[in-house]
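I opened this entry to keep track of what I looked up, going from the place where the chains meet to the folds of each chain. The structure and sequence are pasted in below, and my notes follow.

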Amino acid sequence: MRKVMSDQPRQANEILLKGIPAAPGIAIGPSLIFHKTLPIVEERLLQPSEVEAELDRLRQAVARSKKELQKIFRFAEEKLGDEEGKIFEAQLLILEDSVLFDTIFLRIRTELRNAGYIVYDEIEKYHRLMASSRDEYTRERALDVEDLRNRILRNLQEEKLVSKLQTSAIVVSHVLAAADTLILSRNDILGYLTEVGGVTSHTALLARALKIPAVVGVRHVVSMVKEGTPVIIDGYGGNVIIHPSEETLRFYQEKKRKHKEFEDRLADLRDLPAETPDGRQIELVANVELVEELEFVHVQGADGIGLYRSETLLLGKEVFPTEDEQADHYALLADSMFPKMIVIRTFDIGGDKMMAHPVRESNPFLGWRGIRVMLDKTNVFMDQLRAILRASSRKNVKIMFPMVSNIKELREARRYLEEAKRDLVEANIPFDEKIKVGVMIEVPAAAVITEDLAKEVDFLSIGTNDLIQYLLAVDRSNDIVSSLYQEFHPAVVRFLRRIIERGKKEGVTVGMCGEMAGDPLATVLLLGLGLDEFSVVPMMLPEIKKIIRSTKYRDARRVAKHVLSLQTEDEVKSYLLAWMKKRFPDIPQGEGS
Amino acid sequence: MIEREVTIKNRAGLHTRPAATLVKLAAQFKSDFFINKDGFEINGKSIIGVMTLAAEQGAEMILRFSGEDENDAMAAVVELFERGFDEQ
């Protein structure tokens with residue numbers, strides 16, 4: 001959750017910026033500006049006698065580029081495994097494109113122009129076409145082509161990559177290509193800070209895998225810092241502070257220290273249940289995107305996985321993974337958590353998530369996404385349903401549908417699930433015939449018909465991020481209105497009460513997997529509203545557990561009752577903050593998930 | 001010179017992997033090979049060119065071959081399209 005910490009000291013000359021928290025942790029240090037500016041390409045005419053030397057220079061530059069890329073490729077495979085490493089494949093293949101390089105060599109000979117100019121000009125033709133493609137995949141490849149072109153040009157100018165940094169630093173850049181992120185990680189990098197990119201960008205993915213804090217999507221940040229400017233990045237909350245005052249610096253050093261200390265202490269909680277002192281049992285589970293997180297999920301003591309975002313399987317992929325590939329992957333998840341339960345959410349694509357289709361929509365959040373896509377792409381849907389079922393034979397898998405907005409969609413999805421079951425019966429493949437099915441409540445319409453949906457499912461999971469956006473009509477990635485995105489808006493609180501009450505009345509489990517579930521400020525309120533299951537980022541598990549284990553359900557109900565009578569978000573937040581400060585003075589406040 | 005119209009059958013379209021397969025196959029023949037999609041023509045032996053086509057499933061294109069082994073080249077390439085680039 002991106003919000004300004006109310007108790008954070010600030011001074012006039014420091015600059016506070018908001019970004020997207022992409023990899024957790026706090027980094028404090030000098031900035032290192034990583035320029036992705038285009039190499040300067042001069043056009044120069046050659047004497048015929050210079051041509052052979054020029055061609056030789058180019059051959060050497062290509063050879064060096066190839067060596068660099070192979071090194072990166074091997075490093076990526078080693079650090080991240082074969083699959084992730086493949087993102088560098090396209091560049092290597094283009095380096096071996098003899099048609100392209102024959103043309104470039106021929107042009108240098110006949111036009112008598114320098115190699116740098118011809119390389120730029122020739123590759124730019126393709127780059128321009130790819131960058132303007134309406135196919136998302138091709139536009140991504142345009143970045144690869146650009147990166148490769150710059151690599152060759154840099155090698156022509158015989159410049160070395162910034163490799164060995166003198167001091168440890170926070171890398172500040174407009175954008176980081178996957179190769180840059182990796183290369184830089186070999187140095188003493190404290191954190192990554194970029195102007196573009198989202199949670200699913202290559203930078204974010206790699207930073208998490210490398211355990212380096214990152215904040216992405218901070219607009220214009222490069223123009224605000226110089227080489228060495230002191231910066232703080234908060235990879236938990238997405239805060240970025242440039243030129244921090246002494247006071248702010250101390251605040252974050254303290255926060256970093258507290259986090260470390262707190263995490264050490266919380267480790268003791270790992271094997272204890274998430275139960276209130278007066279005996280209310282809560283399911284405290286984890287949101288998971290990558291298999292690499294599983295170890296951490298165990299360390300943090302989760303009761304299971306409350307949300308596995310299966311669409312992360314599509315990252316960097318050209319096609320939907322096959323049924324077999326998916327089945328293996330889901331089985332790995334299920335087995336590693338067994339006997340704990342895992343909830344697999346079917347592909348939630350569209351909206352701000354990666355697009356597996358080339359359709360451009362004027363309003364993707366109100367467009368083709370979630371279950372809507374799957375009900376149109378039924379082959380993909382059936383492959384996934386069969387794969388999930390195949391992983392369910394040990395009966396610890398549940399299935400969940402995203403973005404349901406009417407009951408017909410749920411029924412249709414269930415009909416496909418039944419069909420998938422019949423396929424497996426025919427093929428004599430074992431699965432859990434009574435696999436539990438749930439829906440996400442993230443569209444206000446679904447919230448209003450909670451009771452109807454609840455009659456036809458086993459569990460509900462509230463997706464607060466989208467629900468709040470839709471309910472308040474606020475696009476939280478739109479800077480102009482993002483402050484109106486209020487998770488403690490009284491309308492949100494009252495709406496949540498309604499969903500939880502109606503769902504429980506029908507006898508189903510009501511959980512929450514949105515960011516709000518992992519915001520410590522919301523825990524007591526949600527507990528008091530009667531939420532059965534909290535699904536949170538692994539990072540936040542111990543903290544939320546500690547709050548649950550120290551708060552009587554009776555007290556939480558009283559808090560919820562009072563909050564329901566308040567009329568502004570400010571009132572709600574200050575009431576909750578005061579309550580938390582009194583009871584949990586040592587919990588670092590306000591980072592959310 | 002001979003030509004043939006084909007449709008992309010595989011789900012990925014002419015993305016990196018299928019493009020690489022196509023280029024490698026075409027390189028085994030002496031004939032020139034060009035692909036024309038929506039009036040835009042690229043050299044079918046160039047991976048960067050094929051990637052530029054951004055050809056997705058269902059896209060139609062004209063394959064053009066010219067050279068001494070043009071018949072064999074066309075037969076092999078058309079078959080690769082028919083097989084959906086051996087994509088699973």
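I began with the contact between the chains, and I counted two residues as in contact if their C-beta atoms, placed from the backbone, lie within 7 Å. The model is a predicted one, in which local features need pLDDT of at least 70 and side-chain atom pairs count only at pLDDT 80 or more, while totals for chains, interfaces and linings use all residues. Residues are numbered from 1 along each chain as its sequence is written, and chains are lettered from A and ligands numbered from 1 in the order in which they are written.

**Entry 1, the contact.** I found 21 residues of chain A and 18 residues of chain B in the contact. On the side of chain B that touches chain A, the elements giving two or more residues are α1 (16-27) and α2 (47-52) of chain B, where helices (H or I, at least four residues) and strands (E, at least two) are DSSP runs numbered from the N terminus. I noted that α2(B) gives the most to this side, with five residues. Sorted by class, this side of chain B has six nonpolar, seven polar and five charged residues; Ala, Val, Leu, Ile, Met, Phe, Trp, Tyr, Cys and Pro count as nonpolar, Asp, Glu, Lys and Arg as charged, and the others, Gly among them, as polar.

**Entry 2, the sheet of chain B.** I then traced an open sheet of four strands in chain B, with the order β1-β4-β2-β3 and antiparallel pairing; two strands pair if DSSP finds at least two bridges between them. β1 (2-7) and β3 (40-43) of chain B stand at the edges with a single partner strand each, so one side of each has no neighbour in the sheet. Strand β2 (residues 32-37) and strand β4 (residues 60-66) of chain B are joined by five bridges in the antiparallel sense, and I picked out B:N36, whose bridge partner in β4(B) is B:I62.

Chain A holds 23 helices and 16 strands. Of its 593 residues, 46% count as buried, a residue being buried if 20 or more other C-beta atoms lie within 10 Å of its own, exposed if 12 or fewer, and partly exposed in between, with C-beta atoms placed from the backbone.

I looked at strand β10 (residues 304-309) of chain A and found five of its six residues buried. Strand β9 (residues 283-288) of chain A runs parallel to β10(A) and is joined to it by three bridges, with A:L307 in β10(A) as the bridge partner of A:N287. β10(A) also pairs in the parallel sense with strand β11 (residues 341-345) of chain A over four bridges, and there the bridge partner of A:R309 is A:R345 in β11(A).

In helix α4 of chain A I listed A:V99, A:L100, A:I104 and A:I108 as buried. Just after α4(A), A:L112 takes a positive phi of about 55°. I also checked A:N150, which lies in helix α6 (residues 136-156) of chain A. A:N150 is partly exposed because 18 other C-beta atoms lie within 10 Å. A:N150 and A:V119 are 31 residues apart in sequence, and their C-alpha atoms are 9.6 Å apart in space.
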